[in-house]
Amino acid sequence: MGATHLPSTEFDGTEMDDQLEAEAEAQLGDPAEPMVQLLGPDGTLGSDPVFSKYAEKLDPDTLRGFYADMAKIRRFDVEATALQRQGQLALWVPLTGQEAAQIGSGRASQPQDYIFPTYREHGVALTRNVDLAELLRQFRGVSNGGWNPKDTNFHLYTLVLAAQTPHAVGYAMGIQRDQKLAAANAVASGEAGQAVEPNAAVMVYFGDGASSEGDVHESMVFAASYQAPVVFFCQNNHWAISVPSSVQTRIPLANRAKGYGFPGIRVDGNDVIAVHAVTEWALERARDGHGPVLIEAFTYRVGAHTTADDPTKYRGSAEEGLWRAKDPLARLEKYLRAEGLADDSFFEQVRADGDELAAYVRKTTHDLETPDIRTAFANTYVEAHPLVAEELAWFEEYSAGFADEATADEASAEEADTVQTDRAAR
Ligand SMILES: Cc1ncc(C[n+]2csc(CCOP(=O)(O)OP(=O)(O)O)c2C)c(N)n1
Ligand SMILES: [Mg+2]
């Protein structure tokens, strides 16, 4: 045996906490691991031996489009947060800070690809042409989903952490088999070599916290074993509610891929150009039959986990300040202005478009219908079930108990109106 001593098995919680904090600080200031970055926080475009060629393909319209999308989704995020505060939504899950990770990766996907999101991928939803007002239906509690995934190849949000990763790998294996079958049928019918449907890939999103779930591990084993056409897109936004990412992993998350036998790559998640390049490469590779890739987008959740969370309880403002300086929108704006690709009128138009979207979303949300609660009972089973009938009867009786209160409320509201009218008349 080469080892001169066995590693200690003693566990010292205090030491571990200190070490993790130090590691977290180091990660924040200067990521020790290689990370693909093309557009730096100062707005200058660097180069990369592999990925620059993807960036060079981007024309000015596409670059302006990246900015417009990021600004639009940030404006939408502000509006949705306000709607929650006004009681119009039950909950909101903000994405501010993660715009580049989402727009860059979403824009790299093609219509035939299929996307599995978590619950925070509003930016990806925008790139897949999901109606953003539809997206709010679930957060208002008036729908179990909100949109039809078949229209956009953008799956419904999944709130159970990592549950979408095995779904994604299964879906990718299905695509793989369909493609093989189509190719075999073409050979059998003598149509080989003729135009066929373009190959598709799957992209599945999950967070640094979700990366600790067994589902992710199982999915990666399956994906590697079967060379499934799937891109695992992990947004390492540094927090899983109040738990820092340094608790989820002792190594950069991207490095985990090596253990499964496929490439893992860490990209600056606040650099839309690099995210787009890396994702385009990974999706192409998957469509061409070379198997999975893990992308770790190194980014930061600038706001709260949800509108039910208060991050000041578990992290300092200095850390948030460090990340605000790496803002994805600010760096692209600097680049576009410096290169003469966009001027004040462009940025004013983007602001106006954002306000228009916000007004549309506000109006549509206010107009959303309140579904009859009985549909929840009716949709539990396909056929009538005595237990559901019993529970519905209990619910009806319970609700009827508030009838007097409702009448009293109405009466006092009417009385208040009369007093107001009398006062106004005086
Ligand atoms: C299986 C499961 N466990 C716990 C939760 C509660 N939960 C919701 S979000 C969250 C943190 C997730 O963090 P991360 O994966 O990093 O994604 P982020 O919210 O940062 O985007 C937790 C623990 C859940 N939804 N599902
Ligand atoms: Mg996270």
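Analyst: What follows takes the terms one by one.

Analyst: This is a predicted model, in which local features need pLDDT of at least 70, side-chain atom pairs count only at pLDDT 80 or more, and totals for chains, interfaces and linings use all residues. Residues are numbered from 1 along each chain as its sequence is written, while chains are lettered from A and ligands numbered from 1 in the order in which they are written.

User: Why is A168 called buried?

Analyst: A residue is buried if 20 or more other C-beta atoms lie within 10 Å of its own, exposed if 12 or fewer, and partly exposed in between, with C-beta atoms placed from the backbone. A168 has 26 other C-beta atoms within 10 Å, so A168 is buried. In the protein chain, buried residues make up 37% of the 426 residues.

User: What is A168 in contact with, leaving aside its neighbours within four places in sequence?

Analyst: Two residues are in contact if their C-beta atoms, placed from the backbone, lie within 7 Å. With those neighbours left aside, A168 is in contact with F116, V202, V204, S219 and V230. A168 has its place in helix 8 (residues 164-188); helices (H or I, at least four residues) and strands (E, at least two) are DSSP runs, numbered from the N terminus. The C-alpha atoms of A168 and V204 are separated by 6.2 Å, although the two are 36 residues apart along the chain.

User: How do you know that strand 2 and strand 3 pair?

Analyst: Two strands pair if DSSP finds at least two bridges between them. Strand 2 (residues 202-207) and strand 3 have six bridges, in the parallel sense, so they meet that definition. V202 has V230 of strand 3 as its bridge partner. Strand 3 also pairs with strand 7 (residues 293-298), again parallel and over six bridges, and there the bridge partner of Q235 is A297.

User: What makes strand 3 mostly covered?

Analyst: Strand 3 (residues 230-236) has seven of its seven residues buried. V230, F232, C234 and N236 point one way, and V231, F233 and Q235 the other way.

User: How do you know that the span of helix 3 agrees with what it should be?

Analyst: The expected span of a helix is 1.5 Å times one less than its number of residues. Helix 3 (residues 60-85) has 26 residues and should span 38 Å; its end C-alpha atoms are 38 Å apart, so the values agree. After helix 3 comes G87, whose phi is positive, near 85°.
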